[in-house]
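Biologist: I am new to this structure and would like to go through it step by step. Please show it first.

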Amino acid sequence: MHDTSPNGTWQSWFDTYGRRLVLFARQWAEGAADAEDIVQEAFVRFWRSPWRNDADAVPQLFAMVRRAGLDAVRRRSRRERREQLAVLDAGDEPWLLPATSSDDGPERRDELQTALASLPGEQREVVVLKLWGELTFEQIGRSLDISPNTAASRYRYALEALRRSLLPSPP
């Protein structure tokens, strides 16, 4: 068990939340290394901030990853515009989400990734925070600056959309 109290070490915090943060950051990253960079940037900001001493430290940590991810998207977008102006063909990689289980075959993982990528960004954020971030709707609401009811609604709509796209159609 790691000490994630405000007095815990950065290593114990990172050991506890690092993988979840990287999974969350992959929404805005072009690859795993970019997601790790986003988490590193956010984690350093978080560790230097007074938020780590707050009762809402964990949702705030996820919120900082989200802000760092959005900053990364903006930087990437500006870079791509500059490259396009220079007549370079800079393609975007699809949004990535890690495999759900080692038991899933690659086809099922691809199908799930495609279904998740097709969700609106607001719904996808909530799904990732709920399933991989293991946050409550209240914590998700604080992380995304929305009400817990809005977080729950987005989650419910996302699950329904995923069901429709992943379950076979009746004959």
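Biologist: At roughly what angle do the axes of helix α1 and helix α2 cross?

Modeller: This is a predicted model. Helix α1 covers residues 10-25 and helix α2 covers residues 32-48. Their axes come within 9 Å, and the crossing is at roughly 135°.

Biologist: Which word describes how α1 and α2 lie to each other, oblique or roughly antiparallel?

Modeller: Roughly antiparallel would need an angle over 145 degrees. The axes cross at roughly 135°. The two helices, α1 and α2, are therefore oblique.

Biologist: How many residues of the contact of α1 with α2 are charged?

Modeller: From α1, the contact includes Trp10, Phe14 and Leu21; from α2, it includes Glu36, Phe43 and Trp47. The contact residues divide into twelve nonpolar and no polar, and the charged ones number one.

Biologist: Which helices each supply at least two residues of the lining of the largest pocket?

Modeller: The largest pocket has a volume of about 160 Å³. Among the residues that line it are Asp34, Asp37, Arg75 and Arg76. Its lining has four nonpolar, no polar and seven charged residues. The helices that each supply at least two are α2 and α3 (57-85).

Biologist: Is the crossing of α5 and α6 left-handed or right-handed?

Modeller: The axes of α5 (residues 121-131) and α6 (residues 137-144) come within 10 Å and cross at roughly 130°. Leu129 is one of the α5 residues in the contact, and Ile140 is one of those in α6. The crossing of α5 and α6 is right-handed.

How values were computed: Residues are numbered from 1 along each chain as its sequence is written. This is a predicted model: local features need pLDDT of at least 70, side-chain atom pairs count only at pLDDT 80 or more; totals for chains, interfaces and linings use all residues. Side-chain values use heavy atoms; hydrogens and water are left out. Axes are lines fitted to C-alpha atoms, for helices over the stretch in contact, and angles run from 0 to 180 degrees between N-to-C directions. Helices (H or I, at least four residues) and strands (E, at least two) are DSSP runs, numbered from the N terminus. Angles under 35 degrees count as roughly parallel, over 145 as roughly antiparallel, 65 to 115 as roughly perpendicular and the rest as oblique. Contact means heavy atoms within 4.5 Å. Ala, Val, Leu, Ile, Met, Phe, Trp, Tyr, Cys and Pro count as nonpolar, Asp, Glu, Lys and Arg as charged, and the others, Gly among them, as polar. On a 1 Å grid over the protein atoms alone, a cavity is a set of points where a 1.4 Å probe fits but cannot get out, and a pocket is an open set with protein on both sides within 12 Å along at least five of seven lines; lining residues have an atom within 4 Å of a point. Grid points are joined across faces, edges and corners, and a volume is the space filled by probe spheres set on the points. A crossing is left-handed if the near helix is turned anticlockwise from the far one by less than a right angle, and right-handed if clockwise.
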